[in-house]
Amino acid sequence: MKLKQAGFTLIEIAIVLVIIGLLLGGILKGQELINSAKVKSIAGEFKNIPIFLYGYQDKFRSLPGDDGAAAIHLTGGTVCTPAAAGRCAVNNGSIDGPWNALGPAPDAESYLFWQHVRLAGFTSGPTNTAAADYLPVNAAGGTMGIQSNNANFTTITSSAASPAAGSAPMSGAYVICSTGILGKFVKQLDTTLDNGDPDTGAMRTANPAIAGQSMSNGGITDGTSYTVCMGF
């Protein structure tokens, strides 16, 4: 006597496939929402820094970092002390020093910028310039910095990587840079804040490992970390 072999009906298989499809769709949509939230956070950081700067300037009639009366304006405020040319010239209306200046010596206005805006209450974070976590960290886990712009600001990383060869100097009086941003976020970030072209406009992207690489022509890889700078 033959035993009847049990199996799934077409309807049962169809139901299982629908459930799997719904689960996969939910996972992908959830990941998309997470990515969008991270891009919004990074974009918010780029938008907030000008608020810190202009708020401080309006309150004290001086730029954070460049304020020669910071010790008077702020309890515990540090005034920049020159140690190298181009890093510290207080009260000259410029945030001197590179955006990625390292401490703890208060010899760069771009480094002291963060202490001044924190002590003034515009943002939170350590005010001790020697603190291990003094430099701000972006939503991607990289570091952020600001400096005054100059006529030739196209190189945007310490390793001499830059936007595509021949790129026009960045516009604006100041430049904000943020490191460690994955390519999959870079594309959306540039579209959100600028013109969608990572080699032109107010926002530029560079690969710290490759000097002069064009980001416009397939230079951006989703899993690679980039430095992104924006002039304002």
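Visitor: I'm trying to read the strands up there. Which residue in E4 stands opposite Met-203?

Guide: It's Met-230 that faces Met-203 across the strands. Keep in mind that this is a predicted model. Those two strands, E3 and E4, run antiparallel, and four bridges join them.

Visitor: And in what order do the strands of the open sheet come?

Guide: The four strands line up as E1-E2-E4-E3, with antiparallel pairing. At the edges you'll find strand E1 (144-148) and strand E3 (203-206), each of which pairs on one side only. Going from one strand to the next, the twist averages 25 degrees.

Visitor: How many helices and strands does the protein have?

Guide: Four helices and four strands. Starting from the N terminus, they follow the pattern α-α-α-β-β-α-β-β.

Visitor: Which strands does helix H4 lie across?

Guide: Helix H4 (residues 183-193) lies across strand E2 (174-182), E3 and E4, and its direction is at about 145 degrees to E2.

Visitor: Which residues of H4 are buried?

Guide: Here's the general idea first. An α-helix has 3.6 residues a turn, so residues three or four places apart point the same way. Now for this helix: Gly-183, Phe-185, Val-186, Leu-189 and Asp-190 are buried in H4. Looking down the axis of H4, you'd see these buried residues within an arc of 140 degrees, so they line one face of the helix.

Visitor: What about Thr-192, is that residue buried or partly exposed?

Guide: Thr-192 also belongs to helix H4, but this residue is partly exposed, at 45% relative accessible area.

Visitor: Now the rings. How many aromatic pairs are there in the whole structure?

Guide: A search turns up five. To describe a pair of aromatic rings, you give the distance of the centres and the angle of the planes. Take Tyr-54 and Phe-232: their ring centres are 6.1 Å apart, the planes make 90 degrees, and the pair is edge-to-face.

Visitor: Which parts does that pair of Tyr-54 and Phe-232 tie together?

Guide: Tyr-54 sits in helix H1 (residues 10-60), while Phe-232 is in the segment after strand E4 (225-231), so the pair links parts that are 178 residues apart in sequence. Tyr-54 is partly exposed, with 42% relative accessible area, whereas Phe-232 counts as buried at 19%.

Visitor: How far apart along helix H1 are Tyr-56 and Phe-60?

Guide: They're four residues apart, which means about one helical turn between them. Their rings form a tilted pair, at 4.7 Å centre to centre and 55 degrees between the planes. Tyr-56 and Phe-60 are both buried.

Visitor: Which residue lies over the face of Tyr-134?

Guide: That's Arg-118, at 5.1 Å from the ring centre of Tyr-134.

Visitor: One last thing. What share of the protein's residues count as buried?

Guide: Out of 232 residues, 41% count as buried. You can look at contacts as well. Among those with a separation of 6 or more, 61% come from residues 24 or more positions apart.

Note on methods:
Residues are numbered from 1 along each chain as its sequence is written. This is a predicted model: local features need pLDDT of at least 70, side-chain atom pairs count only at pLDDT 80 or more; totals for chains, interfaces and linings use all residues. Side-chain values use heavy atoms; hydrogens and water are left out. Rings of Phe, Tyr and Trp (its six-membered ring) pair if their centres lie within 6.5 Å; planes under 30 degrees apart count as stacked, over 60 as edge-to-face and the rest as tilted. Buried means under 20% relative accessible area, exposed over 50%, partly exposed in between (1.4 Å probe, protein chains only). A charge sits over a ring if NZ of Lys or CZ of Arg is within 6 Å of the ring centre and within 35 degrees of the ring normal. Two strands pair if DSSP finds at least two bridges between them. Axes are lines fitted to C-alpha atoms, for helices over the stretch in contact, and angles run from 0 to 180 degrees between N-to-C directions. Contact means heavy atoms within 4.5 Å. The arc is that of the directions from the helix axis to the C-beta atoms.
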